[in-house]
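This report describes salt bridges, domain contacts and the nonpolar core of one protein model. The sequence and structure are shown first.

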Amino acid sequence: METGTGLVRALIAAVEHKCDLINMSYGEPALLPDYGRFIDIVNEVVDKHRIIFISSAGNNGPALNTVGAPGGTSSSIIGIGAYVSPAMAAGAHCVVQPPSEGMEYTWSSRGPTADGDLGVSISAPGGAVAPVPTWTLQSRMLMNGTSMSSPSACGGVALLVSAMKAEGIPVSPYTVRKAIENTASSISDAPEEKLTTGHGLLQVDRAYEYARQAKKLPLVSYRISISQVGKSIPKLRGIYLRGSNSCQQTSEWTVQLNPKFHDDASNLEQLVPFEECLQLHSTDSSVINIPEYILLTNNGRSFNIVVNPVNISSGLHYYEVYGMDCRAPWRGPIFRVPITIIKPIALSGEPPVLSLSKLYFKSGHIERRFINVPIGASWAEVTMRTSAFDTPRRFFLDTVQMCPLKRPIKWESVVTFSSPSIKNFSFPVEGGLTLELSIAQFWSSGNASHEPTCVDFEIVFHGIFIDQKVIALDGSESPMRIVARSLLASERLVPVATLNKIKIPYRPVDSNFCPLPTSRDRLPSGKQIIALTLTYKFKLEDGAEVKPHLPLLNNRIYDNKFESQFYRISDSNKCVYSSGDVYPSYVKLPKGEYTLQLYIRA
């Protein structure tokens, strides 16, 4: 859908045309949050050129840790979740009996990010009657997604910016963000729902009054960087304890709080005089201990947070540490430190089993369970039994595991029960990692019925451990020995081996390195984008399916320090057989000699 080249050129154009706002309604999972070439340029666009950047948080819910890049993972971008109101349900979705209260769409992505940030900033209506291409043989249709909630929020912010300009109020991404976050209307009273809805539903009128009152305040953003005491890395944007090991003892964290002014701020007039006395608050002092006050100046200030999760119950817990201006408490929280704690349950038995009986669901209800997956488990088998309902019911089943330096390991299924029945599923797992199991009745399913759905759920973990996940045959060794073990219970083993792929490493035979000449490839800072073209040659003795693979670059758009990539495969007659970029695909090639050209921008 998007390429690094297109994204960067769009940012260059936005600065060139002096845009006030950007909306971006796409994204994808990322390996590293708040990282990459595109994110670096976004930071420059926001901090130096004062453009307000709004983007969709993603449509991969209802499980946690599903916010996508860049909207849900980047500090400079305002990430938007998708909300549905009773009026939208009745009018746009034609629901027979709309819900009595608004809620987040079931599929809207949830936080936190891998480094503990909230993920979702605010929510906005996530459905719209939108223009569609003519080939659909209609001019408009109902569309749903954070791709709709993001422009809805952007339109609301456009109203706010317009009013601020008319009233002579300085417009800054920092003050606008603070205004909309601190005046958003809470959707749920449950603390952990902030990971779903962000700070709440956008309220343009309240945000305008806030901006008017804050007219003379300094234009500053409050940036936090967190590390565990005794460890210099990694630097985090929140505290995220996930797993039984991290919940067994008290931990202490250092928070570095730095005010961030725009790049053109005056040293003498803005930076030197800046001084704020902040009172610190914790949403639960029995778990989170903090100092009472800090004095913040331009050079920043650090303080420590002590987290004691030992006595909390299993499941999801969300807390916040926030600072209030002692001289102007009407401003609300000046900064927030999100603290997410997930305490899993441990299983026993051979094989290990978790049974959940008589879970009752109504429209939009979500049940989450967090399980310490036994070491040695490699897959799970699930039995889901429904009863005590009349009209058909639709469920979302999601599982998520977080693995260091990998994208979240996610399995999902959407299943409809037309009548009380039993369904079975299986999915892969990683032993030793905490698994989130989320079961959600779709927001519009069963609205016309007053009977809740009764669900019985059983999950059984199995495992066969293989001592070699990748078996490489290079022709110089004797037959390979593979050891298979079952650590959890007796399992039936049916070995099958297929040899149908061969990996061949290639070095380029030619390279060309040059700056790109056009203005649309010149960054706002004045730097010119450079292109590197690498040429590879390969020969096929027989026809085959070929897929080029670049381990450093593939599957990464946003969390990549290279701007973009593109490859093209052609034969000796210059006939092009295949081309692609971040996600390469297989192509059938006949016998012959071929050239692969790889084009990289940075």
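## Salt bridges

The side chains of Glu28 and Arg407 form a salt bridge with an N to O distance of 3.0 Å; the term denotes a side-chain nitrogen of Lys or Arg within 4 Å of a carboxyl oxygen of Asp or Glu. This pair links distant parts of the chain, 379 residues apart: Glu28 is in the loop between strand 1 (21–24) and helix 2 (37–47), and Arg407 in the loop between strand 21 (393–401) and strand 22 (409–417). Helices (H or I, at least four residues) and strands (E, at least two) are DSSP runs, numbered from the N terminus.

The model is predicted: local features need pLDDT of at least 70 and side-chain atom pairs count only at pLDDT 80 or more, while totals for chains, interfaces and linings use all residues. Residues are numbered from 1 along each chain as its sequence is written, and side-chain values use heavy atoms, with hydrogens and water left out.

By this rule the count is 22 salt bridges, including the following.

| Pair | N to O distance |
|---|---|
| Glu28 and Arg407 | 3.0 Å |
| Asp398 and Lys410 | 3.2 Å |
| Glu541 and Lys539 | 4.0 Å |

Asp398 lies in strand 21 and Lys410 in strand 22, so their pairing ties together parts twelve residues apart in sequence. Relative accessible area is classed as buried (under 20%), exposed (over 50%) or partly exposed in between, with a 1.4 Å probe and protein chains only. Glu28 is buried at 11%, whereas Arg407 is partly exposed at 25%. Asp398 is buried at 1%, and Lys410 is partly exposed at 31%. Glu541 is exposed, at 51%. Salt bridges with shared partners also join Arg9, Asp521, Glu563 and Arg601 into one network.

## Domains 2 and 3

An automatic or database assignment sets the domain bounds, giving domain 1 (1–217), domain 2 (219–343), domain 3 (347–466) and domain 4 (510–601). The centres of domain 2 and domain 3, taken over C-alpha atoms, are 35 Å apart. About 540 Å² is buried between these two domains, with carbon and sulfur atoms giving 62%; buried area is the accessible area (1.4 Å probe) that two parts lose on being put together, summed over both. In domain 2, Arg242, Leu316 and Ile342 lose the most area to domain 3, together 68% of what that side buries. Zero salt bridges are counted between domain 2 and domain 3.

## Nonpolar core

The largest nonpolar core has 32 residues, and those with the most contacts inside it are Ile305, Val307, Phe335, Val337, Ile339 and Ile341. Such a core is a set of buried Ala, Val, Leu, Ile, Met, Phe, Trp, Tyr and Cys residues joined through side-chain atoms within 4.5 Å. Strand 16 gives the most to this core, with five residues.
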